[in-house]
Amino acid sequence: MERKVSRRAKKEEEDLEALIAEFQNLDAKKTQVIESSCPPPSPRLNGSLSAHPEKDELILFGGEYFNGQKTYLYNELYVYNIRKNSWSKVEIPNPPPRRCAHQAAVVPTAGGQLWVFGGEFASPNGEQFYHYKDLWVLHLATKTWEQIKASGGPSGRSGHRMVACKRQLIIFGGFHESARDYIYYNDVYAFNLDSFTWSKLAPSGIGPAPRSGCQMATTPEGGIIIYGGYSKQRIKKDVDKGTLHTDMFHKWAWSRLNPSGVKPTPRSGFSIAIGPNNRSLLFGGVHDEEEEESIEGDFFNDIYFYDIGKNRWFPGQLKGPKSEKRKRRRGRQGEAEGAGDEEMEKQPPQGPVEIVKEVVAEDGTVMTIKQVISGPAEEKERSESEEDEEDGALGQQVEPCPRSNAMLAVKHGVLYVYGGMFEVGDRQFTLSDLYSIDLHKMEEWKVLVEMDPKAQEWLEESESDEEEDDMEGAEGGEEEEESSEEESEDEGGEEQHPSVQPDEKHADYLSRTEQYWIKLARSNMGPDAKEKKVVKVAHAMAKTFYEDSV
């Protein structure tokens, strides 16, 4: 039986290698660099977003998209111009094969280099996986890809972590999965950027358990810090148990850390970046409640900072934009760069507070978002925020919706968050929005690219394969969603969307328009839907429309 499984797994890998080779043959037809302006990239997750070391640009590479029936992998290269808030697509001959869950690191050598290692390719049905062990470098000055072939490197994997540290690329962890088996790693490799050679490291001490998707950061002294991650193990036939790791380690000699402060709640799928003032940061993620038949996830959109020098965690709390009146009252000292971070860090640990929100998709699906945030700040800061509200400085805060597997980059002390995903029941929403926040000030999120709800495409398993084959990338869902929306409104009668009146409160709006939203919800959910559920969806739709209008 083992020999049969081994032969089958080998055949699956060979099938995927053949598919990858086909894609590479298409890429080989490109003979020149073509750079062109373009709209924002299509929705995706598990790509890499990197800050250019010399220019005000962000570099997006790879990623994946799943529409309910088919998995799409990318090897496209996009450049975001920070000053112009514009995107361009750069087509370069002989790029790395399509992949997701890889790692990318930027070094300032020779006008800038983007190094890419590993990742995975999935079959269109998402049931077979091929894990890369290749190493590539993109020379940013000449816009050329180069594959670096050196022996002795890590085995094929995805979900690993890679950082640039003192003329080396350090790789830790990750996993390898086939259709019937999986393995998680806790090994450490270093690639020397001068000699182009691999070496396997063996730090002394007891190291982290095998895991993927952890946080990995460098210290000014050249050490490495690792936090969290995810792994699973088989407890009996066809039954796996997942583990959310919350431990923290330092190496070169492995030692377990016990940081102070307010630590992140347990989660996986969080995104990481290195911020200013010797701090690493963690954004978003998901905490899965695993039951025998299903998994339900609570998604996050919070930020946690880890001060490497002080070995301390603290939550990133928005202060809101300061009015001129408040600035005069607090004086010039309060405007100093980074002062906001210090104030946040000095706050005593508070008990977590859970906020529950409901958001409705266009097909009437209700998504419940649970956000766990730290407790209220000291009395002094509460009174200051009350004064801010009196001055009219604090309105409704804009923020990215909760998500996992987003792509992060930091440039000039500003954090950029792109894409990612969240789930509603069995449906996955893949995002293509772009947000930024100044990490020195922590005043407010800015929306650079909004998510278009009509770009969301989800095909149920029962839909025909012909529709699936007609899809190309992450496009093609817009007309279909528009038509279904029109049908819904037609079934609801000739009545138009009831607009929100100036200064109208939510309760007043709901009482005036409730029957309209119930009709619309029923037309989306079908005649068999329970009345209680229909009313709940209708109220959530009305609330979302009201808040958007306001």
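This note goes through the predicted model point by point, from the whole chain down to single residues.

1. **Ground rules.** This is a predicted model, so local features need pLDDT of at least 70 and side-chain atom pairs count only at pLDDT 80 or more, while totals for chains, interfaces and linings use all residues. Residues are numbered from 1 along each chain as its sequence is written, and side-chain values use heavy atoms, with hydrogens and water left out.

2. **Overall make-up.** The protein has eight helices and 30 strands. Both are DSSP runs numbered from the N terminus: helices are H or I with at least four residues, strands are E with at least two. Of its 550 residues, 48% count as buried. Buried means under 20% relative accessible area, exposed over 50%, and partly exposed in between (1.4 Å probe, protein chains only).

3. **Contacts and surface.** Take the contacts between residues at least 6 apart in sequence: 59% of them join residues at least 24 apart. A contact means heavy atoms within 4.5 Å. The accessible surface comes to about 27,700 Å², and 46% of it belongs to carbon and sulfur atoms. Such areas come from the Shrake-Rupley method with a 1.4 Å probe; for residues, only the protein chains shown count as cover.

4. In soluble globular proteins, nonpolar side chains tend to be buried together. The largest nonpolar core here has 16 residues, and Leu281, Ile303, Leu415, Leu439 and Trp445 have the most contacts inside it. The elements giving two or more residues to this core are β22 (279-290), β23 (295-307), β27 (407-411), β28 (414-424) and β29 (427-438). A second, separate core has 15 residues, including Ala51, Leu58, Ile82 and Trp87. A core is a set of buried Ala, Val, Leu, Ile, Met, Phe, Trp, Tyr and Cys residues joined through side-chain atoms within 4.5 Å.

5. **Strand β27.** Five of the five residues in β27 are buried. Both faces are covered: Met407, Ala409 and Lys411 lie on one side, Leu408 and Val410 on the other. In a regular strand the side chains alternate between the two faces of the sheet. β27 runs antiparallel to β28, joined by five bridges; strands pair if DSSP finds at least two bridges between them. Methionine 407 has tyrosine 418 in β28 as its bridge partner. The two strands form a hairpin with two residues between them, and histidine 412 in the turn has a positive phi of about 55°.

6. **A four-stranded sheet.** This open sheet has the order β16-β17-β18-β19, with antiparallel pairing. β16 (215-218) and β19 (255-256) stand at the edges with a single partner strand each, so one side of each is left without a neighbour in the sheet. β16 pairs with β17 (residues 224-236) over four bridges. Threonine 218 has isoleucine 224 in β17 as its bridge partner.

7. **Aromatic rings.** The structure holds 27 aromatic pairs. One of them joins tyrosine 189 and tryptophan 198 edge-to-face, at 6.5 Å centre to centre and 85° between the planes. Rings of Phe, Tyr and Trp (its six-membered ring) pair if their centres lie within 6.5 Å; planes under 30 degrees apart are stacked, over 60 edge-to-face, the rest tilted. Both residues are buried.

8. **A buried loop residue.** Glutamine 456 sits in the loop between β30 (445-449) and α5 (465-470). Is glutamine 456 buried or exposed? Glutamine 456 is buried, with a relative accessible area of 6%.
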